[in-house]
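Here's a quick tour of a protein model for anyone just getting started. Have a look at the structure first, then read on.

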Amino acid sequence: MKRSKLVGLAMVAFAAVSCADPPPPDVAELLARAGHSRDTYDLASSLWDRGLLCEDDLWLPELYWPPFRPPGTNPAWPRVERIVFVAWDMPAGTLRGWDLVHDEADRTYWSVALSAGEVGFGCEERYTTSFFLLASWPDNNISRAIGLERGAPLAYYEHISSDDAVLVNLSAGIDPDRADVPEPDTATYYLKNLFTGATFSTDVPTERNDSGHYWTRIEVDYGELGLGAMTDVATGVVYKRDGVELTNHGLTVRDTTLP
């Protein structure tokens, strides 16, 4: 992710906000219209050039779309109408969203600058709230949840896989040195079907590997728990030490991990 563009434009974008700006998107309505996720184009993997920065209590999500693809390559990318930055209060289950906007100088660059007041908290607060992106395109198509990390790039690891899309294996890890947090002893997994509202959460102990990274792994029966399609489920992981939340990140189901 090319951070320099966002850092350079963040305060300009924030200063340009006015009362004439459209209201934030209604995430619940957006999901209700779609009914379930449709990711024929695997946007979850294609939106790899994304990031979330927070400095001086200013939240700065950004991404580049569409990615470069040689002319004539099929299938063509969908005409994405909007990309929504979503804050998910995981214990409460509530969702709030803000539209990312194009940079006029570079139409592949999408971002939004949000104050702590708009989001509801600052950079080092409320780690039980995680973030993800939703992309939508014509005929009420919407992507699966595309997770974001609340911390330094390359500090987090994740994998979601299944042989039958019912019994699902989830694993997540963190490099505490790179993330600049204490060594976690516990992680809490939160899962939510974005379309039915079904939820599940569980605490698991972390395990340190030879690289000094801390990992957790769980196996979840989506059918038994009523979670539905694994592509309709958002997943967040909160790392803790002695019961205190340290950081979190959102996981992403990719086409390469689907059965």
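Is T94 buried, partly exposed or exposed? T94 counts as partly exposed, because its relative accessible area is 44% (buried means under 20%, exposed over 50%, and partly exposed in between, using a 1.4 Å probe and protein chains only). Before going further, keep in mind that this is a predicted model, where local features need pLDDT of at least 70, side-chain atom pairs count only at pLDDT 80 or more, and totals for chains, interfaces and linings use all residues. Residues are numbered from 1 along each chain as its sequence is written, and side-chain values use heavy atoms, with hydrogens and water left out.

**Around T94**

- You'll find T94 in strand β4, which covers residues 94-99 (helices, H or I with at least four residues, and strands, E with at least two, are DSSP runs numbered from the N terminus).
- Not counting residues up to four places away in sequence, T94 touches A87, W88 and D89 (contact means heavy atoms within 4.5 Å).
- T94 and G197 are 103 residues apart in sequence, yet their C-alpha atoms are 9.7 Å apart in space.

**The nonpolar cores**

- The largest nonpolar core has 26 residues, and those with the most contacts inside it are L170, Y189, L191 and Y222 (such a core is a set of buried Ala, Val, Leu, Ile, Met, Phe, Trp, Tyr and Cys residues joined through side-chain atoms within 4.5 Å).
- Two or more residues of this core come from each of β11 (156-162), β12 (167-174), β13 (186-193), β16 (214-221), β17 (233-241) and β18 (244-251).
- The biggest giver is β12, with 4 residues.
- Take L191 as an example: leaving aside neighbours within four places in sequence, its contacts include W88, L170, F200, Y222 and V233.
- Apart from this core lies another one, of 24 residues, with L100, W110, V112 and L133 among them.
- As a rule, in soluble globular proteins, nonpolar side chains tend to be buried together.

**The β17–β18 hairpin**

- β17 and β18 pair in the antiparallel sense over 7 bridges (two strands pair if DSSP finds at least two bridges between them).
- The two strands form a hairpin with 2 residues between them, and R241 has V244 in β18 as its bridge partner.
- In the turn, D242 has a positive phi of about 55 degrees.
- β18 is mostly covered, with 6 of its 8 residues buried.

**The loop between β1 and β2**

- D56 sits in the loop between β1 (50-55) and β2 (58-64), and D57 is found in the loop between β1 and β2 too.
- D56 isn't a glycine, but it has a positive phi of about 50 degrees.
- D57 is also a residue other than glycine, and its phi is near 60 degrees, a positive value.
- How exposed are they? D56 counts as exposed because its relative accessibility is 79%, while D57 is at 38% and so counts as partly exposed.

**Salt bridges**

- The structure holds 5 salt bridges (a side-chain nitrogen of Lys or Arg within 4 Å of a carboxyl oxygen of Asp or Glu).
- One of them joins the side chains of R82 and D99, at 2.8 Å from N to O.
- R82 lies in strand β3 (residues 82-89) and D99 in strand β4, so this pair ties together parts that are 17 residues apart in sequence.
- R82 is partly exposed at 25% relative accessible area, and D99 is partly exposed at 24%.
- R107 forms a salt bridge with E104, the closest N and O atoms being 3.3 Å apart.
- In that pair, R107 is partly exposed at 45% relative accessibility, whereas E104 is exposed at 65%.
- E158 forms a salt bridge with R254, and here the closest N and O atoms are 3.5 Å apart.
- This pair links distant parts of the chain, with E158 in strand β11 and R254 in the segment after β18, 96 residues apart.
- E158 is partly exposed at 24% relative accessibility, and R254 is partly exposed with a relative accessible area of 25%.
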